[in-house]
Amino acid sequence: MHGRCFDRWIQSLMKDIPIRHEQIEWVAGHQDPAASKEAALNDRADRLAKKAHRRPDMTMPWPTWAMDEYTPHVEGLGWIESSLRQHVDYFMARLQLQHLKSSTIQRLGITDVNYMTGKAPAYMFRHAPSQYSVMPLWLSKSGQLPTKALLEERNMLSEEQSSDCYFACQQRETDEHIFLHCKGMSVLRQEATKRLQANIQKILDELDLTEHQTNRLTEAATCYFDDGWPWPLQQNRYWLANIPSHLKIEIRDMTIEQQSLVRRLWTTFTREGVQLAGRIWAKRQQAAFKDRQLALRNSADSADNGDIPI
Ligand SMILES: [Zn+2]
């Protein structure tokens with residue numbers, strides 16, 4: 001309980017009421033009340049305190065008149081008289097948590113713990129022909145991929161546009177929807193899965209791994225573009241060039257050739273993921289373009305017919 005205002009109140013009372021002997025003395029507690037006047041007063045105070053425990057509804061109102069003029073108040077918590085810095089930290093952390101729940105920064109936050117990062121081949125980021133594939137990765141990672149969901153959040157959708165996906169899935173068009181769940185992209189995902197399986201199998205044939213490790217990696221390649229195993233927290237993030245860290249293989253005791261094959265393994269997973277994301281985004285952009293053209297044609301037709309375009 002914050003007692004600063006009580007303390008100030010008592011101090012002000014002591015100032016205002018003329019007390020003959022202004023001296024405060026310490027008295028040992030739990031003495032026989034008959035022993036002295038101080039012991040009797042102490043016993044009386046104890047009894048009153050115990051009574052308050054039995055009747056918690058009988059609480060004394062806060063002497064707010066003795067509070068600092070700018071004491072902060074929080075709904076549900078009351079007055080904050082002390083430890084203000086900790087309270088501010090706490091509320092700022094809660095606000096940030098709310099923000100993280102719906103932002104892509106969450107992905108960046110969990111990246112370090114659950115994913116192996118930095119496994120994407122450098123040429124993808126340096127060579128112009130492959131940079132289009134990497135663009136959705138950067139945009140999504142920084143929360144800037146212009147999906148309908150993002151445009152709606154920024155009030156950039158026209159009145160006729162809904163935030164639904166372009167492929168009649170009747171789902172909001174978010175990053176996750178496009179890359180993971182969209183029906184319109186299922187063929188691209190299936191093709192990418194086949195390619196990934198074949199490429200991973202080629203590397204595994206040359207790699208000297210245990211049967212358990214080989215089976216895990218084969219299985220991971222089979223469902224790499226689905227939302228489930230092997231992804232941590234069942235949150236697939238293939239388009240962000242991440243690999244689940246539990247697939248990691250210890251390479252310290254391997255030969256140089258075997259180590260290089262393991263690196264090729266990770267490169268293959270990330271490359272296929274990023275390239276699939278590039279293809280998916282390209283298909284989505286084509287659909288958005290067609291949709292825009294259709295809307296323009298419709299408004300031109302209605303203008304020719306003398307209708308007022310809505
Ligand atoms: Zn869809």
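Analyst: Start with A168, which is exposed because 9 other C-beta atoms lie within 10 Å, and the cut-off for exposed is 12 or fewer. This is a predicted model.

User: Where is A168 found, and what is its phi?

Analyst: A168 is in the loop between α7 (148–153) and α8. Its phi is near 55 degrees, a positive value in a residue other than glycine. Most residues other than glycine have a negative phi.

User: What makes E38 partly exposed?

Analyst: E38 has 14 C-beta neighbours inside 10 Å. E38 lies in helix α2. E38 and W26 are 12 residues apart in sequence, with their C-alpha atoms 9.4 Å apart.

User: And G29: buried or exposed, and why?

Analyst: G29 has 10 C-beta neighbours inside 10 Å, so it counts as exposed. The limit is 12 or fewer. G29 sits in the loop between α1 (4–16) and α2 (37–54). Its C-alpha atom is 7.4 Å from that of A39, 10 residues away along the chain.

User: How do you know that the length of α10 agrees with its number of residues?

Analyst: α10 has 12 residues, and at 1.5 Å a residue they should span 16 Å. The expected span uses one less than the number of residues. The end C-alpha atoms of α10 are 16 Å apart, which agrees.

User: What makes the buried residues of α10 line one face?

Analyst: The buried residues in α10 are L217, A220 and A221. Seen down the helix axis, the buried residues fall within an arc of 100 degrees, so they line one face. They pack against α9. The face turned away from that buried side carries exposed residues: E211, H212, N215 and E219.

User: Which residues have the most contacts inside the largest nonpolar core?

Analyst: Y224, W239, V274, A277 and I280 have the most contacts there. The core has 30 residues. The largest share, 7 residues, comes from α11.

User: What does A277 touch?

Analyst: Leaving out residues up to four places away in sequence, A277 touches S133, P136, L137, F179 and W239. A touch here requires C-beta atoms within 7 Å.

User: How many helices and strands are there, and what share of residues is buried?

Analyst: The protein chain has 11 helices and 4 strands. Of its 310 residues, 17% count as buried. Among contacts with a separation of 6 or more, 63% join residues 24 or more positions apart.

User: Where is confidence lowest, and where is it highest?

Analyst: It is lowest in helix α4 (residues 105–114), at a mean pLDDT of 53. It is highest in helix α9 (residues 186–206), at 96. The chain mean is 84, and 90% of residues reach 70 or more. Where pLDDT is low, the predicted coordinates should not be read in detail.

Notes: Residues are numbered from 1 along each chain as its sequence is written. This is a predicted model: local features need pLDDT of at least 70, side-chain atom pairs count only at pLDDT 80 or more; totals for chains, interfaces and linings use all residues. pLDDT is the predictor's confidence in each residue, from 0 to 100. Helices (H or I, at least four residues) and strands (E, at least two) are DSSP runs, numbered from the N terminus. A nonpolar core is a set of buried Ala, Val, Leu, Ile, Met, Phe, Trp, Tyr and Cys residues joined through C-beta atoms within 7 Å. A residue is buried if 20 or more other C-beta atoms lie within 10 Å of its own, exposed if 12 or fewer, and partly exposed in between; C-beta atoms are placed from the backbone. Two residues are in contact if their C-beta atoms, placed from the backbone, lie within 7 Å. The arc is that of the directions from the helix axis to the C-beta atoms.
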